[in-house]
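Thanks for coming. I will go through the core of this protein, and then its sheet. Please have the sequence and the structure open.

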Amino acid sequence: MVNGNQLAAFLRARRARLAPTDVGLNAGIGLRRTPGLRREELASVAGVSVDYYIRLEQGRETNPSSAVLDALAAALRLNEEEHAHLYSLSHHVAQRTPPPSPLPYRASARSVRPGIRRLLETVRPSPAYVLGRYSDILAANPEGLALFAGLADWPVRRRNTLRYFFCHPQSRTLFDDWERWARSSVASMHSLAAEEPDAPELTALVEEFHRECPEFPELWARHEVRVRRGDAKRFHHPVVGELTLVTEVLRFGDDGQRMTVYQAEAGSADEAALGRLSATP
């Protein structure tokens, strides 16, 4: 599900999201059998031959030039991050060695340095945890575990924030606007898959979520991409109630590890809720 010609799948998915009017074309008369632009319409806007574009979508053309990729990115109305993702997919299908990625992810070790463990204690009572490249929880302060209700009941090796989000029954009620964060999580997985399409850990997670989460296959097929950044999240916690926290993501060198810290505004009800969370057994 991660391996294979993801370039072709990405092009098909993004073409399906565009209407003729999005690219300055006449919508025409009558109903379309499938959503989105037709192949010939996109080829025309990108300035490539229809036959060549069909070969790209069918996976029979695997070495598009930079000029073609840039033209397709413009025609598909890709943003900067999606444009970079297109290049990553192209490098993989062409079996080229890509240039160094501007994204700070690298292969992740499972051991966490003592200084980082001390940092987890320093930020208390703010919930915080350290993740590996594939979102395994490598270390956490007590509040970090308590925030994700029910996570501490899982064996240590099973604790993974993506697995919790898609497979733990309490995640549906814990996270406000679960559908929005589901799309964001899948998009970040797609970004990672473009960098490491053959990673067995990532492939295993994608296959597990296809089996265990009914919404996941459709979300995965959208081929949205996004690198995780800090954001505000609202929680409906079963012990401390409602709280809104702002996340900050700190990345450590080239080993793929990152620390997520959840913060509340000083003097707010959210800060008081964090105090109660810290006192949770």
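What you see is a predicted model. I start with the largest nonpolar core, which has 40 residues. Which of them touch the most other members? They are Phe148, Tyr164, Phe166, Met189, Leu202, Phe216 and Phe235.

Several elements give two or more residues to this core: strands S1 and S4 (241-251), and helices H7 (142-147), H8 (161-167), H10 (178-195), H11 (200-212), H12 (216-221) and H13 (269-278). Which gives the most? That is H10, with seven residues.

Take Phe216 as an example from this core. Setting aside neighbours within four places in sequence, Phe216 is in contact with Phe166, Val186, Met189, Val206, Phe209 and His210.

Five strands make up an open sheet, and the order across it is S2-S1-S5-S4-S3, with antiparallel pairing. Why is one side of S2 and of S3 left without a neighbour in the sheet? Strand S2 (137-140) and strand S3 (232-237) stand at the edges, and each has a single partner strand, so one side of each has no neighbour there. From one strand to the next, the twist averages 30°.

S1, residues 128-131, pairs with S2 in the antiparallel sense over three bridges. Within that pairing, Val130 has Ala139 of S2 as its bridge partner.

Technical notes: Residues are numbered from 1 along each chain as its sequence is written. This is a predicted model: local features need pLDDT of at least 70, side-chain atom pairs count only at pLDDT 80 or more; totals for chains, interfaces and linings use all residues. Side-chain values use heavy atoms; hydrogens and water are left out. Two strands pair if DSSP finds at least two bridges between them. Helices (H or I, at least four residues) and strands (E, at least two) are DSSP runs, numbered from the N terminus. Axes are lines fitted to C-alpha atoms, for helices over the stretch in contact, and angles run from 0 to 180 degrees between N-to-C directions. A nonpolar core is a set of buried Ala, Val, Leu, Ile, Met, Phe, Trp, Tyr and Cys residues joined through side-chain atoms within 4.5 Å. Buried means under 20% relative accessible area, exposed over 50%, partly exposed in between (1.4 Å probe, protein chains only). Contact means heavy atoms within 4.5 Å.
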